[in-house]
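User: I've got a model open and would like to talk through how it is put together. Can you take me through it step by step?

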Amino acid sequence: MIEHAHPTPKQYVAIAGILVVLTAIEVSLYYLDIGGFNTFALIILMLIKFVLVVGFYMHLRYESGFLNRLFIAGLGAASIIYLVVLLTFLEWTPG
Amino acid sequence: MTDTTMHASTSTGIDSGKLGMWAFLSSEALFFGALIANYLLFKGRELQGIHPRELLNIPFTSASSFVLLMSSLTMVLAHAALTREDQKHARLWLLATAGLGMAFIGGQVFEFSSFYREGMTLATNPASSSFFVLTGFHGAHVTVGIIMLLTLVGISLRQGSLSFGKGLNLELVGLYWHFVDIVWIVIFTVVYLIR
């Protein structure tokens, strides 16, 4: 079978190193608790880790646009549906 | 030529197995989205009994997260080894991935049993229920992944080699495994780290 340019093992290890460093920063933020910025920073770090794994380890950045759209559609639908559900519950539930 | 264009026999030009797996993972995003939303609904509420936030052991779960991240690395190293036709190392990396997955599950069993000892059960309150359902379903997915990895190794030993071919193959199992990892990346942040 013909394989196109996936990352090399060294690049995979480098990405794992980045993931570990980002996780260490996340855990540090938990203990530092820098106020309102904490949640925002944790979400940004989570998204970076998410994109790194999906893009490089799952090879989505090397795949066809169709597969990209298929996965992003699921993620997008999940995010929108459950955001609406949460906002609805928060609006209508006392306390 | 890319992975996706070499399967010219399909109408999409994409291997059917891979297309099916991505569609499945897309639907799994909706499944876990529901469980995460359910947990968020009860996260900040005043409830009777112990709230999961009071018992979470961040250092221990951080170590578990590290183990699962490393299992994603060993999984891609198995993929890279098979791309080089290095069957022996591909099998070894798959076994390492399964071993790390088992370590993660062991950690989850320890965490759940310690929560039960502290008095937080599935029925304590809606927050504990949503916590156990969310993390429990994730653990079940990891367990299925371990079974798939070991099955793959078993099949390869029986047939003599691993392949990227039809049926249960390393690429599909890898996609599933990495998905389980990204779900944990979200759970670790949303459930454990965000106060």
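Analyst: One cut-off first: two residues are in contact if their C-beta atoms, placed from the backbone, lie within 7 Å. Keep in mind that this is a predicted model.

User: How many residues of chain B are in contact with chain A?

Analyst: Go by the 7 Å cut-off between C-beta atoms. On the chain A side, 40 residues take part. Their partners in chain B number 41.

User: Which helices of chain B each supply at least two residues of the side that touches chain A?

Analyst: That side of chain B has 27 nonpolar, 12 polar and 2 charged residues. The helices that each supply at least two residues of it are α1 (16-43), α3 and α6.

User: What does α2 of chain A pack against with its buried residues?

Analyst: The buried residues of α2(A) are L42(A), M46(A), K49(A), V53(A), V54(A), F56(A) and Y57(A). Within chain A, they pack against α1 (9-32). From chain B, the partners are α3 (58-83) and α6 (170-193).

User: How far apart are the end C-alpha atoms of α2 of chain A?

Analyst: Helix α2 of chain A covers residues 37-57, which makes 21 residues. At 1.5 Å a residue it should span 30 Å, and the model agrees, with the end C-alpha atoms 29 Å apart.

User: How many residues of α6(B) are buried?

Analyst: A residue is buried if 20 or more other C-beta atoms lie within 10 Å of its own. For chain B as a whole, 44% of the 195 residues count as buried. Helix α6(B) is largely enclosed by the rest of the structure, because the buried count among its 24 residues is 22.

User: What pattern does chain B follow along the sequence?

Analyst: Chain B has 6 helices and 0 strands. Read along the sequence, that gives α-α-α-α-α-α.

User: What is the mean pLDDT of chain B, and where is the pLDDT below 50?

Analyst: The mean pLDDT of chain B is 89, with 92% of its residues at 70 or more. The stretch below 50 has 17 contacts in the model beyond near neighbours in sequence, and it covers residues 1-8.

User: What ipTM does the model score?

Analyst: The pTM is 0.90.

Methods. Residues are numbered from 1 along each chain as its sequence is written. Chains are lettered from A and ligands numbered from 1 in the order in which they are written. This is a predicted model: local features need pLDDT of at least 70, side-chain atom pairs count only at pLDDT 80 or more; totals for chains, interfaces and linings use all residues. Helices (H or I, at least four residues) and strands (E, at least two) are DSSP runs, numbered from the N terminus. The expected span of a helix is 1.5 Å times one less than its number of residues. A residue is buried if 20 or more other C-beta atoms lie within 10 Å of its own, exposed if 12 or fewer, and partly exposed in between; C-beta atoms are placed from the backbone. Ala, Val, Leu, Ile, Met, Phe, Trp, Tyr, Cys and Pro count as nonpolar, Asp, Glu, Lys and Arg as charged, and the others, Gly among them, as polar. pLDDT is the predictor's confidence in each residue, from 0 to 100.
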